[in-house]
Amino acid sequence: MIIALVIGIVWGSVAAFAGRWIVEGLAGTYDVRAVISERNSTISEGQHGPRTSYDVLAITEDGRTIEVPTRDTFGLADPVVARLSSVTDRVLSVRGATDVVEAHHPWEKIAAMSLGSAILVLAAIVLVKVARRGIARKAPPFLAGLAFAAFVVLTPVGFGETAYGEAADPVPNFWELRRDLWGPPPVFARGQTAVTGEAAVRVLDSRPAPPEGAEAWLSGFHVLTLRIEASRFGDTALELSADEHGEPERVKDCAGAPGAFDGTTGLVCFVVPPGYRPQYLLVGKLEREVLLKLQ
């Protein structure tokens with residue numbers, strides 16, 4: 001009976017995990033725009049030395065909270081797009097301006113599922129052998145183990161919890177902190193040329209949409225695309241000002257769009273948080289930083 005119970009737990013666990021993955025794969029997904037609002041880390045001693053675990057929360061466009069299993073890939077106030085299962089509401093992947101994290105279907109977990117399937121077959125063979133005699137007596141503990149494992153794996157109070165939570169801190173406003181530390185930099189009016197050091201930058205046009213020809217994933221974000229021209233640009237930094245909604249992130253080469261900025265002229269793209277209103281283009285860094293009004 002004990003063997004039947006253990007086999008039921010093993011069989012139920014593997015079958016529930018495999019079944020959930022199959023259902024998630026067949027049922028489709030949906031995307032949620034969000035902004036990282038909390039990122040806490042805890043260091044503990046593990047078998048192979050110190051181990052760091054992360055709790056990362058994000059606020060969605062509709063004001064809900066989701067837990068995103070991204071470790072330290074994204075920073076506070078970064079805009080992201082999370083892809084969730086339409087059946088279980090689990091986060092399957094998270095994409096930012098420069099990185100993408102596959103949360104539940106990377107190759108190592110696929111290998112683990114394959115091993116689990118082999119264990120499931122082995123357990124079935126063993127079960128048939130031990131259940132030849134006294135099947136009526138061994139069936140209840142087996143079914144109990146099966147039900148217990150499925151409950152733990154599939155229910156929200158067990159491993160099957162959804163990504164949605166109840167509360168999170170507001171998105172930190174790094175713009176205010178930056179101004180407190182470094183003071184107000186020079187400001188150039190809209191349409192003027194912002195000059196810092198040897199660099200001179202002017203915004204020719206702006207549009208709140210991805211550029212034509214960019215990779216498809218960029219359309220999942222709110223995007224601000226600027227067409228700029230510059231002289232003596234060098235390695236001068238370009239950023240957008242943050243606000244209470246979060247901090248925009250620049251997209252490298254406008255995700256492959258034709259006409260991306262080449263150091264002289266072209267397109268510069270930013271993924272921006274939901275509700276964000278662009279105020280300034282930041283040119284340069286820290287003590288050499290200047291602001292160019294966009295509104």
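Predicted model: local features only at pLDDT ≥ 70, side-chain atom pairs only at ≥ 80, totals over all residues.
How do the residues of the lining of the second largest pocket divide into nonpolar, polar and charged?

Residues are numbered from 1 along each chain as its sequence is written, and side-chain values use heavy atoms, with hydrogens and water left out.

**The five-stranded sheet.** Select the open sheet with the order β9-β10-β11-β14-β13, whose pairing is antiparallel; strands here are DSSP runs of E with at least two residues, numbered from the N terminus, and two of them pair if DSSP finds at least two bridges between them. Its edge strands, each pairing on one side only, are β9 (194-196) and β13 (249-251). Neighbouring strands of this sheet are turned by 35° against each other on average, direction ignored, where the axes are lines fitted to C-alpha atoms and angles run from 0 to 180 degrees between N-to-C directions. Next, display residues 199-207 (β10) together with residues 222-231 (β11), which pair in the antiparallel sense over seven bridges, and find Ala200 opposite Ser231 in β11.

Within it, β15 (residues 280-283) and β16 (residues 290-293) run antiparallel to each other over four bridges, and Tyr280 stands opposite Lys293 in β16.

**Leu281.** Now centre on Leu281 in strand β15, which counts as buried because its relative accessibility is 1%, the limit being under 20% relative accessible area with a 1.4 Å probe and protein chains only. Not counting residues up to four places away in sequence, Leu281 touches, among others, Val201, Val203, Leu226, Leu238 and Phe270, contact meaning heavy atoms within 4.5 Å. Leu294 is 13 residues from Leu281 in sequence, with 6.8 Å between their C-alpha atoms.

**The pocket.** Finally, select the lining of the second largest pocket, which includes Thr196, Arg232, Asp235, Lys285 and Arg288. A pocket is an open set of points on a 1 Å grid over the protein atoms alone where a 1.4 Å probe fits, with protein on both sides within 12 Å along at least five of seven lines, and lining residues have an atom within 4 Å of a point. The volume is about 220 Å³, taken as the space filled by probe spheres set on the points. The lining divides into three nonpolar, four polar and five charged residues, with Asp, Glu, Lys and Arg counted as charged and Gly among the polar.

How values were computed:
Buried < 20%, exposed > 50% of the residue type's maximum accessible area, 1.4 Å probe, protein only.
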